[in-house]
Amino acid sequence: MSLVKLSGIRKSFGSVEVLKGVDMTVREGEVVAMIGRSGSGKSTLLRSVNGLERIDAGVIEVDGECVDPGQIDLRALRLKVGMVFQQFNLFPHLSAGENVMLALKVVKRMGKADTRAAAEQALARVGLGHKFDAYPSQLSGGQQQRVAIARSLAMQPKVLLCDEITSALDPELVNEVLSVVRKLAEEGMTLILVTHEMRFAREVCDQLVFMHGGRIIEQGPPVALFDRPSTPELAQFVGMVEAR
């Protein structure tokens with residue numbers, strides 16, 4: 001069953017068309033990695049799924065409901081679609097637990113006891129149950145990103161979008177964040193990832209989507225695409241990545 005369906009998605013910024021008729025389907029429980037050079041449209045496409053970017057043409061459906069920022073209740077949409085960004089975006093004056101609790105209070109209007117219990121559970125899920133009272137300044141970058149993931153998980157979304165969530169981290173902290181994402185994938189979470197972590201994409205993801213020039217050039221099982229790219233664009237990209 002498709003949970004997210006994109007049909008003919010187009011998006012321009014001024015005179016520059018960054019998405020040029022993108023079609024993509026993500027089934028429930030599927031893990032999809034989107035790869036490609038910077039500027040290929042990956043992040044714009046991801047942001048369109050939860051209404052952060054308004055598309056110019058095409059149709060986006062999430063859980064059977066059409067995503068139209070002019071018509072849909074965006075608050076209700078974002079209860080279904082969680083998103084984790086490159087930057088952690090934590091409030092520095094709030095503890096890790098309070099950062100996770102905030103949306104539960106404001107959006108879900110949960111009671112104090114239920115809010116704390118949900119936040120504790122979400123932090124435990126990312127291995128930070130012992131850091132409930134720690135402030136962002138007391139946490140490493142990897143820990144802060146895991147708090148950001150917990151903040152999204154606490155809302156119990158049907159699909160989690162991750163936009164290059166390890167790109168702002170020091171290399172030694174990348175694996176602790178990826179291990180959390182790997183665990184979510186094993187638990188059956190529907191994930192759409194924009195990532196430069198090719199080994200992770202090969203090992204964990206069900207589908208690989210390669211974007212180039214605002215279009216999906218190739219998509220399919222990661223091993224097949226990495227080992228036998230059928231377009232010169234993907235072959236060049238894979239060669240460039242492997243040469244690093």
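How many of the eight residues of helix H1 (residues 42-49) are buried? Six of them are, so H1 is largely enclosed by the rest of the structure. Bear in mind that this is a predicted model. The buried residues of H1 are Lys42, Thr44, Leu45, Leu46, Ser48 and Val49. After H1 comes glycine 51, and its phi is positive, near 80°.

**Helix packing around H3**

Next up is helix H3, which covers residues 96-106. Its buried residues include Ala96, Gly97, Asn99, Val100, Met101 and Leu104.

| Pair | Axis separation | Angle |
|---|---|---|
| H3 and H5 | within 8 Å | roughly 30° |
| H3 and H4 | 9 Å | about 125° |

Take H5 (residues 141-153) to begin with. The axes of H3 and H5 cross at roughly 30°, and that makes H3 roughly parallel to H5, since angles under 35 degrees count that way. H3 passes H5 in a right-handed crossing. On the H3 side, Ala96, Asn99 and Val100 do the touching, and they meet Val147, Ala150 and Arg151 in H5.

Then there is H4, which spans residues 112-125. Its axis packs at about 125° to that of H3.

Back in H5, serine 152 is worth a look of its own. Is serine 152 buried or exposed? Its relative accessible area is 8%, and buried means under 20%, so serine 152 counts as buried. Leaving aside residues up to four places away in sequence, serine 152 touches Gly82, Met83, Val84, Pro157 and Leu160.

**The aromatic pair**

How many aromatic pairs does the structure hold? There is one. The rings of phenylalanine 210 and phenylalanine 237 have their centres 5.5 Å apart and their planes at 40°, so the pair is tilted. The pair links distant parts of the chain, with phenylalanine 210 in strand S9 (residues 207-212) and phenylalanine 237 in helix H9 (residues 232-242). These two residues are 27 residues apart along the chain, and their C-alpha atoms are separated by 9.4 Å.

Both partners are tucked away by the accessibility numbers: phenylalanine 210 is buried, with a relative accessible area of 2%, and phenylalanine 237 is buried too, with 3%. What does phenylalanine 237 touch, not counting residues up to four places away in sequence? The list is Ile35, Gly36, Arg37, Met198 and Phe210.

Key
Residues are numbered from 1 along each chain as its sequence is written. This is a predicted model: local features need pLDDT of at least 70, side-chain atom pairs count only at pLDDT 80 or more; totals for chains, interfaces and linings use all residues. Side-chain values use heavy atoms; hydrogens and water are left out. Rings of Phe, Tyr and Trp (its six-membered ring) pair if their centres lie within 6.5 Å; planes under 30 degrees apart count as stacked, over 60 as edge-to-face and the rest as tilted. Helices (H or I, at least four residues) and strands (E, at least two) are DSSP runs, numbered from the N terminus. Buried means under 20% relative accessible area, exposed over 50%, partly exposed in between (1.4 Å probe, protein chains only). Axes are lines fitted to C-alpha atoms, for helices over the stretch in contact, and angles run from 0 to 180 degrees between N-to-C directions. Angles under 35 degrees count as roughly parallel, over 145 as roughly antiparallel, 65 to 115 as roughly perpendicular and the rest as oblique. A crossing is left-handed if the near helix is turned anticlockwise from the far one by less than a right angle, and right-handed if clockwise. Contact means heavy atoms within 4.5 Å.
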